[in-house]
Amino acid sequence: MEYIVASQGALLAGAPLADLRRRLPLSPPPPPPSIRIQNRLYSISSLPLKDRPVRRCGASLASNYTQTSEIVDLDWDNLGFGIVQTDYMYIAKCGTDGNFSEGEMVPFGPIALNPSSGVLNYGQGLFEGLKAYRKPDGSILLFRPEENALRMRTGAERMCMPAPSVEQFVDAVKQTVLANKRWVPPSGKGSLYLRPLLMGSGAVLGLAPAPEYTFIIFVSPVGNYFKEGLAPINLIVEDKFHRATPGGTGGVKTIGNYASVLMAQKIAKEKGYSDVLYLDAVHKKYLEEVSSCNIFVIKGNVISTPAIKGTILPGITRKSIIDVALSKGFQVEERLVSVDELLDADEVFCTGTAVVVSPVGSITYQGKSDFTLQGGIRAPRRWRRGPAAVYFTDESPDG
Ligand SMILES: Cc1ncc(COP(=O)(O)O)c(C=O)c1O
């Protein structure tokens, strides 16, 4: 089973950026590019995506860009999870008709926003996060980008925003990766993190949806999310601050969900914890999720994880892990998981695009001294992060 979806992949990843310009509508049609999915090569035009070839990427891509090397000269061995300025970002706009303009690749940099914009005043904004990995042969892989596109569309509906189609989203992701491909870390040294943003950029004063929306994708090369690196993380269970409430927006990736947990996270980090594990806001008893990842609890052959019921994010990594666990013969239960079960677990781990699969080494609850999970490292051995990334596949990605 392999879930890896390549970017415009094997052929384009190794091609100079000038090739992108050759693919613009006014240029003579180039030979169809290829894409590698599940280790098979397809021509782009044979894929079930609409609007091929991809939308015009109007960037004067190579005009001020000198490709001096295939990969930039960075200290790849010491990448953390922070912003590194890259070359280009994608931008598209949408007015009241709900249709997004053809996107453009523009140099990475600040954007102008009306002080009265919906995002600044009323938090009408969403984001996504996904990664591109470089394979040893130089081609570049994306992990299930259409899932991020669908999640953005679900979130946009909740936030009364128009959203790009799945096709435009995925095309935009590919264009952005290719335009910044020299920032995709060497194989095994990290990944290129993509941050798609959708925001109400139009001016609005009374509470109402904004009249204009902006869709942006910027990227940054990243390494490990937690300072612990590959070592187990230490979580504190939070029973005072809540991340989400029933009927709220916890189930979508809206920007406000994150500002509201900064305080709990700050307190936890000051006390030396890696992150915060939230409980449900009603009973203060059932697990929800960690600030930026989902949680799994293992007892015997049963892997349990909180059910998706509107207060936790339906993680794409979570979904993949469930598929993999089932295929490996584990019993998987999506249900209410109590904090007592957590403390009684054999193993605990977190999943997310940024954190990948992070083993949990200790959990602190109600100020009691650390409950250290017996046996130390607590994530299924075969799923622990390797030096490069987790590929949710039974085959080697190179195989
Ligand atoms: C609150 C929250 N939960 C879970 C996740 C994990 O989701 P995914 O696996 O799609 O990255 C994220 C990351 O996007 C998150 O922000």
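Start by selecting aspartate 346, which counts as partly exposed because its relative accessibility is 28% (buried means under 20% relative accessible area, exposed over 50% and partly exposed in between, with a 1.4 Å probe and protein chains only). Before you go on: this is a predicted model, where local features need pLDDT of at least 70 and side-chain atom pairs count only at pLDDT 80 or more, while totals for chains, interfaces and linings use all residues. Residues are numbered from 1 along each chain as its sequence is written, and side-chain values use heavy atoms, with hydrogens and water left out.

Aspartate 346 sits in the loop between helix 9 (339–343) and strand 17 (helices are DSSP runs of H or I with at least four residues, strands runs of E with at least two, numbered from the N terminus). A polar side-chain atom of aspartate 346 lies 2.7 Å from the backbone nitrogen of glycine 300.

You'll find 16 residues around the ligand, with Lys253, Tyr258, Glu289, Thr317 and Thr353 the closest.

Zoom in on the ligand's oxygen atoms:
- Threonine 353 puts a polar side-chain atom 2.6 Å from a ligand oxygen.
- Isoleucine 316 has a backbone N or O atom 2.8 Å from a ligand oxygen.
- Arginine 151 has a side-chain N or O atom 2.8 Å from a ligand oxygen.

Finally, color by element: helix 8 (316–327) and strand 17 (347–352) each give two or more residues to the ligand's shell.

How values were computed:
Near = heavy atom within 4 Å. Polar contact = N/O pair within 3.5 Å; in protein donor to acceptor, adjacent residues only side chain to side chain.
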